[in-house]
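Reader: I'd like to learn how to read helix packing and salt bridges in a model. Could you walk me through it?

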Protein chains: 2
Amino acid sequence: VERSGKQHKNLENLVQHINTLIDRQALVASLVDKQEMRRHELVQSLVQREKYSELRRQLDQLHPADIAFVLENLPRDRRQLVWSLVDKTHYGAVLLEVSNAVRETLLQGMNQQDIVGAAGMLDSDEIADLVQGLSEQAASELLSSLESKDREEVESALSFPEGTVGALMDFDVIRVPDDETLDETLARLRQRGRLPVDSRVLMVVDQKGLFQGTLEMEALLVNPGSTSVAEVVNRDAVVFHTDDEAQDAATAFQRYDLISVPVVNAHNHLVGSLNVEAVLDYIHRASQKDLLGQVGLHEEESDLFMPVWRAARNRWPWLTLNLLIAFIAALIIGQFEATISAVVALAALMPITANVGGNAGNQSLALVIRGLSTNQLNQSNMLRLARKEVSVGLVNGLVWGGVMAVATLILYGDFRLSLIMQVAMVVTLFMAGLTGVMVPATLKKLGLDPVLGSSILITGITDTMGFFIFLGFAALVLAAL
Amino acid sequence: VERSGKQHKNLENLVQHINTLIDRQALVASLVDKQEMRRHELVQSLVQREKYSELRRQLDQLHPADIAFVLENLPRDRRQLVWSLVDKTHYGAVLLEVSNAVRETLLQGMNQQDIVGAAGMLDSDEIADLVQGLSEQAASELLSSLESKDREEVESALSFPEGTVGALMDFDVIRVPDDETLDETLARLRQRGRLPVDSRVLMVVDQKGLFQGTLEMEALLVNPGSTSVAEVVNRDAVVFHTDDEAQDAATAFQRYDLISVPVVNAHNHLVGSLNVEAVLDYIHRASQKDLLGQVGLHEEESDLFMPVWRAARNRWPWLTLNLLIAFIAALIIGQFEATISAVVALAALMPITANVGGNAGNQSLALVIRGLSTNQLNQSNMLRLARKEVSVGLVNGLVWGGVMAVATLILYGDFRLSLIMQVAMVVTLFMAGLTGVMVPATLKKLGLDPVLGSSILITGITDTMGFFIFLGFAALVLAAL
């Protein structure tokens, strides 16, 4: 029993061990007198070499995914050092497992020969994943190093747009002619020595290569050997097309408990299979992207310890928009300076509705993002959700606006402030529910990503509206009462 | 080819069809004169009966997961109507597929006999899932209706705490004695007629029932039949314990591309298997829970169209906290009324830093939530992330605080406001980075759910701090300059 659910605890220890190892080296280096440096370095390098060879042995025993985990959790300089200790035969597998951001940092330090060597260990669809992270020159050199069949497959994989089934599928499937018997099939499998790791169903094709259905392992095992494949082929199997959306496919995997699904092209030719491992990775990546994208974070930030300057710059586009909206809010508030001057308490109370509105808007937003990602929401029922959310806003605005109105009366003893608070809460929460649903719905309708930066947008809009509603109504009330 | 990735498009149409059907019925009913009602109802009921029987036929052809999708997308009253049209032999499977919230609404309308009947179609671990949604009385009646072996398994499944491997696993595994040959194993499988759907590896046990390893389908198929199981058993397979955390198991599935993993108890007895379908569902649910939980939404809200009053009440606990924090912010601002009276422009400018701080805090928060859910973050590197995030805050505070300072100078021509803006931006973004990391880290350390309501907390804290920093520094500057 080599790996278990608690493996990551061991990996965390290893990461810490590496950090301590390198920290100590740096500490020693900083302590010794510069004149002694040379001699010390010699001794040190011998000691280090021994330690590193121990580390190298530990790394050799790890699963490529675990090596990837260790690399992801090290700062960049240490990551390069550890990467150089990893056995080169693992390079390909590890590169596939690390996040895009980390992969880029690793590829930067590799020469062309290592990259070609790493690709040599991979399947076509995996090479395609790798190629996308390479510079144009490195990519074309890598492609030209491949055999022509492999190159064709890689190029075909690259031709499918991101987010489609074609881009996620494996090319490596076992084709079974529909006119042989189960015994013949079994004999061929035995002769092959092993199954491709990812194939748990066999794909049945006719003599023209047209897809006929699947042959489940179960059917192969439990039926008499003389049965012909055509008799037990499952013609009702779920099938995907290369241009199906990956998100729809992921929903289908979840809904129908799928493991491995044949993928055909527009002419019903079998071209590959989509496997649950790829779907699991896709779902994981997509949910992370939703989580980060909502607050305007780049996917690259999944490298938690990227350099500060780069992380700071990554946040500029949305920060700019954020500041712009906030500035507009400030200009709007500026219009009410006379009102605020008259009753300064307004300045203290106005952030309450804006803040509550921001949270309420983000709640509605979360429901929309969730509904869109599960295909539960669509154009036809979006309005119904908006209706529900504004109703919830009205109810809570009445109830909690009432509570806040009483609290305001007790604190300030001013009936007008109390009235302003009550009305502003109702209107703000109503608008927040509407905004939380309609902003992502509109982005989606315009063909934009409804998730990206949505939280920043919603908070900006609800803030601005919150202040405007509160101060606008305050101006009316103060003028009238 | 019955189902595909685009199936949900058809389902959306069906949902709309049902809604139109019922809407038209309601419309007709509201139009006819009350005196005519009786006669009309008779005619109508005949027409309806025909339409509903057509609907019933359509529902019969759907996969249970698709029926679940249709039910989830209907308002409650219509949901009950459609549920009554579903074939009762599908009840069990459909109940497993719907979300917890919707399951509850369906169970409310069922009598004990239907519930027991539904359970009759399910495996023990599935019945355990079902029992958790039942009232205590209904649950115990259901349990007493089971055979003793099944009841034991259900009770054992119920005894594992939520979030552990035990609670997710299947009991139904095929045990293979390690002393038989592959031919014997194959013959037994054929005799059984079929494999349990979820088992893709066979579990090898010794005579005492102790777990020895797995027998891959591949090994069974490609080795000569006379090989003994003990020779080809895979002793290096990943194994989980019943009390392993589900999240760790999910990470292992993703990392090692697992499909079906044996689960043993503390005595190394094989008790079941954890399968990728259950893990896929778990990951899906967990990511939804993160998305909703962050903004303080109850899991129940995954029923998008729940009644308004209930949805409104669900949001009260976090709304109360939200208002409390906002009220504290108002009290703090209240302390600076004199300052604001002196320069009313402060009231317009102060929300800028608070809003930017809120978004920055939520960005850091998203990184923490993501890092925790992938096990990439732990106590040992949390501080390093905090250091990075405050550094990013300082850089962006300097750069964009500078931009805002210039904009303020142009707009108000007051150097003091400009200085206040620059300093407040740096300090607020610094604090936002710190808060965004330390609040969830602290909750986690206290054994609380770091996700729940975290966005509301962070926004509240950064808002309050943002106002305090801005106005506090403004008071100092105005007193000095």
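This is a predicted model: local features need pLDDT of at least 70, side-chain atom pairs count only at pLDDT 80 or more; totals for chains, interfaces and linings use all residues.

Reader: Fine. At what angle do α18(A) and α23(A) pack?

Author: The general idea is to compare the two axis directions, and angles under 35 degrees count as roughly parallel. Here, helix α18 (residues 316–334) and helix α23 (residues 454–480), both of chain A, pack at about 5 degrees, and their axes are 9 Å apart. So α18(A) and α23(A) are roughly parallel to each other.

Reader: Which residues in α18(A) and α23(A) meet?

Author: From α18(A), the list is W318(A), L321(A), N322(A), I325(A), A329(A), I332(A) and I333(A). On the α23(A) side, their partners include I456(A), L457(A), G460(A), F467(A) and L471(A). Sorted by class, this contact has 12 nonpolar, 3 polar and no charged residues.

Reader: On to salt bridges. How many are there over all chains?

Author: The idea is a distance test: a side-chain nitrogen of Lys or Arg within 4 Å of a carboxyl oxygen of Asp or Glu. By that rule, the count over all chains is 16.

Reader: Which residue forms a salt bridge with K88(A), and where do the two sit?

Author: The partner of K88(A) is D114(A), with the closest N and O atoms 3.2 Å apart. This pair links distant parts of the chain, 26 residues apart: K88(A) is in the loop between α4 (76–85) and α5 (91–97) of chain A, while D114(A) belongs to helix α7 (residues 112–120).

Reader: How many residues apart are E153(A) and K149(A)?

Author: They are 4 residues apart in helix α10 (residues 148–159) of chain A, which means a separation of about one helical turn. E153(A) and K149(A) form a salt bridge, with 3.5 Å between the closest N and O atoms. K149(A) counts as exposed because its relative accessibility is 55%.

Reader: And in chain B, what do the side chains of R416(B) and D414(B) do?

Author: They meet in a salt bridge, at 3.2 Å from N to O. R416(B) is partly exposed with a relative accessible area of 25%, whereas D414(B) is buried at 17%. Elsewhere, salt bridges that share partners join R315(A), K388(B) and E389(B) into one network.

Definitions and conventions: Residues are numbered from 1 along each chain as its sequence is written. Chains are lettered from A and ligands numbered from 1 in the order in which they are written. Side-chain values use heavy atoms; hydrogens and water are left out. Axes are lines fitted to C-alpha atoms, for helices over the stretch in contact, and angles run from 0 to 180 degrees between N-to-C directions. Angles under 35 degrees count as roughly parallel, over 145 as roughly antiparallel, 65 to 115 as roughly perpendicular and the rest as oblique. Contact means heavy atoms within 4.5 Å. Ala, Val, Leu, Ile, Met, Phe, Trp, Tyr, Cys and Pro count as nonpolar, Asp, Glu, Lys and Arg as charged, and the others, Gly among them, as polar. Buried means under 20% relative accessible area, exposed over 50%, partly exposed in between (1.4 Å probe, protein chains only).
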